[in-house]
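My notes follow the order in which I looked.

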Amino acid sequence: QVQLLESGGGLVQAGGSLSLSCEASGHTVSTLTMSWFRQAPGKEREFVATIPWSDSKTYYSDSVKDRYTISRDNAKNTMSLQMNSLKPEDTAVYYCAADPRAIATLFPAEISSYDYWGQGTQVTVSS
């Protein structure tokens, strides 16, 4: 059983930066394909970024590409999301997701690809 715990959310002004962290327990992150999703009020949960278990290639949604960076620290068993140049439309609850079966490597934007989810952390960007 994998447990995921996000941290690092908060309130920031537009143009600012935040760093989110996802700590995993019950499994080593080096063997998981891990991703970030987000859900704004009244909207569906959407894919943000992914890092495959092989670290072969990270992938981002068009809305965050060139502003966000996903990374993994195997020694700390954590995954992180560095968010720069934040915009009010980035306001959402951000969720960490993990897939031990490598399905998400093929379909990273599909919610059904992931077996494990964190509880979410709120990110609010003020204008």
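This is a predicted model: local features need pLDDT of at least 70, side-chain atom pairs count only at pLDDT 80 or more; totals for chains, interfaces and linings use all residues.

**Entry: D99 and R101**

I looked up D99 against that cut-off. Its relative accessible area is 0%, so D99 is buried. R101 came next: at 43% relative accessibility, R101 is partly exposed. I then checked the contact between the two side chains. D99 and R101 meet in a salt bridge, N to O at 3.7 Å.

**Entry: D115**

I asked myself which residue forms a salt bridge with R101 at 2.9 Å. I found D115, with 2.9 Å between the closest N and O atoms. I placed both partners in the chain. D115 has a relative accessible area of 35%, so I logged D115 as partly exposed.

**Entry: R67 and D90**

I searched the whole structure for salt bridges and got five. One of them pairs the side chains of R67 and D90, N to O at 2.8 Å. I located the partners. R67 is in the loop between β6 (59–60) and β7 (68–73), while D90 is in the loop between β8 (78–83) and β9 (92–99). The pair links distant parts of the chain, 23 residues apart. Are R67 and D90 buried or exposed? I found both R67 and D90 buried.

**Entry: E110**

I turned to E110, in the loop between α1 and β10. Its relative accessibility is 44%, so E110 counts as partly exposed. I took a C-alpha distance from E110 to A98: 12 Å, for residues 12 residues apart along the chain.

**Entry: the sheet**

I traced an open sheet of four strands. The order is β1-β3-β8-β7, and the pairing is antiparallel. I asked why one side of β1 and of β7 is left without a neighbour in the sheet. Neighbouring strands here are turned by 15 degrees against each other on average, direction ignored.

I ended on β1. Five bridges join β1 to β3 (residues 18–25), and the two run antiparallel. I looked up L5 and found that it stands opposite E23 in β3.

Conventions:
Residues are numbered from 1 along each chain as its sequence is written. Side-chain values use heavy atoms; hydrogens and water are left out. A salt bridge is a side-chain nitrogen of Lys or Arg within 4 Å of a carboxyl oxygen of Asp or Glu. Buried means under 20% relative accessible area, exposed over 50%, partly exposed in between (1.4 Å probe, protein chains only). Two strands pair if DSSP finds at least two bridges between them. Axes are lines fitted to C-alpha atoms, for helices over the stretch in contact, and angles run from 0 to 180 degrees between N-to-C directions.
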